[in-house]
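Let's take a walk through this model together, starting with its aromatic side chains and then moving on along the chain.

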Amino acid sequence: MRIRSLTARVLILATLWSALALVTIAVAISALYRQGVERGFNNLLRAQLYNVVNSVSIGDSDSLTGSPALGDLRFSQPATGWYWLVEPLGNYATAPLASASLGVANLAVPDVDATPFDQNYERYYEMTDDVGNQIRVAETEVVLDDQGRAARFRVSGNLQVVEDEIAFFTSRLYAALAVVGIGGLVVNGLAILYGLKPLDRARRALERIRRGEAERIEGDFPSEVQPLANEINALIDSNRRIVERARMQVGNLAHSLKTPIAVLLNEARTLEKNQAEVIATQAEAMQAQVSSYLNRARIAAQRDSVLARTEAQPVMERLARVMRKLNADIVFELDVAADLTFAMEQQDVEEVVGNLLENASRFARTKVVTRAVMTTRDGDTTDGRRGWIEVVVEDDGPGLAPDQIGEALKRGRRLDESKPGTGLGLSIVKEISGEYQGSFGLSRAGIGGLRAQLILPAVTKDTA
């Protein structure tokens with residue numbers, strides 16, 4: 001699953017890295033501490049081993065004598081795992097010496113090939129004593145007199161001491177690292193949130209621009225964010241200039257064509273009736289088509305502007321009032337959801353909705369119903385980030401057959417010559433909705449006549 005929040009990404013990465021680092025540190029320190037404890041344990045056994053060696057000799061009766069005092073009560077308590085043992089080597093017969101803790105038990109001697117002596121003629125190995133203690137044994141062999149008589153010296157320690165020491169240290173280490181880790185995550189989280197706060201301010205500033213509450217990104221930002229804010233402001237200014245220039249050019253061209261078309265219409269009145277009708281009709285069609293293409297150029301110039309927005313309710317209520325005045329015998333019902341805002345210029349909204357209302361009023365018998373609600377659209381490629389408004393205009397007139405619907409959308413096509421008009425209204429609606437990446441369709445209305453459905457872009461909270 002893709003994480004869209006930059007804050008969440010940084011927090012997750014920081015958390016994962018901190019957890020990995022702390023676990024690595026904990027494992028490394030534990031391993032180093034174990035090595036140190038085991039090395040210290042071996043040194044202790046070695047020191048005690050040579051204390052025993054220095055305390056034992058061969059007496060006058062050719063027997064081993066001596067009473068090592070290692071200063072550890074565990075060598076005098078039975079079954080502790082702490083033992084010392086001196087055994088004669090060679091062909092002289094004498095009883096071995098052993099600590100009180102060993103009692104009558106004995107310690108097995110491993111094969112020298114399996115556990116060889118080191119360069120100091122010492123060896124260390126682990127084994128299990130008769131009572132189940134896991135012990136480590138330090139062993140050496142020493143010649144005791146000038147006659148070559150030798151003895152095997154062994155001192156053992158209980159490995160549970162090592163494990164207890166390591167477990168105690170590890171528990172404290174993990175607790176300390178957990179506190180450090182949690183504290184580090186909290187500090188990192190606060191630092192990240194504080195560091196990304198300017199981006200959140202920039203996002204809120206863009207939202208104010210999108211809602212029409214501001215025209216520029218205002219405020220002081222860090223040096224990393226300020227260039228972005230400057231570029232966005234420059235883009236907004238450039239877009240505004242393009243829109244204004246397009247509007248001015250449209251107005252200039254419309255004004256320059258207004259007089260020649262008016263002259264044609266006036267001249268048509270001096271001609272015979274049939275010729276006048278032809279000229280007047282063509283002049284009106286020419287005027288409508290010029291306006292249509294100029295509008296398309298203007299829409300293309302500002303279609304993706306973040307400044308294009310029109311509140312649905314006031315515009316549609318105003319259009320409905322005009323239609324009620326012009327068609328007193330028809331009921332115009334209006335149902336517009338609250339807080340709907342088109343991502344379109346106001347004059348484009350008035351053009352498409354006004355054309356549909358005008359067309360419906362020409363063919364309705366008693367009623368025209370208009371609805372506007374938020375909707376979604378199949379095949380939307382914006383990952384749900386763009387909102388859409390569905391505008392439906394229905395009348396109770398005769399409607400159109402399925403094969404007539406396609407003809408009705410063709411430019412200049414009039415299916416009913418008895419009704420006034422140029423035949424451009426529905427095609428203009430289709431073109432304008434298409435320029436805004438919306439859609440337009442006709443079908444049979446539930447109240448009997450024609451149903452016109454518009455899908456137009458909306459301003460939503462998530463629209464960028």
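**An aromatic cluster**

Phe41, Phe75 and Trp82 are joined into a cluster by ring pairs. Keep in mind as you look around that this is a predicted model.

How many aromatic pairs does the structure hold? There are four. One of them brings together phenylalanine 41 and tryptophan 82, whose ring centres are 5.7 Å apart; their planes meet at 70°, and because an angle over 60 degrees counts as edge-to-face, that is what this pair is. Where do the two partners sit? Phenylalanine 41 belongs to helix 1, whereas tryptophan 82 is in the loop between strand 2 (64-65) and strand 3 (83-89), so their contact ties together parts that lie 41 residues apart in sequence. Are phenylalanine 41 and tryptophan 82 buried or exposed? Both of them are buried.

Tryptophan 82 also pairs with phenylalanine 75, again edge-to-face, with 6.0 Å from centre to centre and 80° between the planes. Now turn to the face of the tryptophan 82 ring: arginine 74 lies over it, at 3.9 Å from the ring centre.

To finish, go back to helix 1, which spans residues 6-55 and also contains asparagine 43.

How values were computed: Residues are numbered from 1 along each chain as its sequence is written. Side-chain values use heavy atoms; hydrogens and water are left out. Helices (H or I, at least four residues) and strands (E, at least two) are DSSP runs, numbered from the N terminus. Rings of Phe, Tyr and Trp (its six-membered ring) pair if their centres lie within 6.5 Å; planes under 30 degrees apart count as stacked, over 60 as edge-to-face and the rest as tilted. Buried means under 20% relative accessible area, exposed over 50%, partly exposed in between (1.4 Å probe, protein chains only). A charge sits over a ring if NZ of Lys or CZ of Arg is within 6 Å of the ring centre and within 35 degrees of the ring normal.
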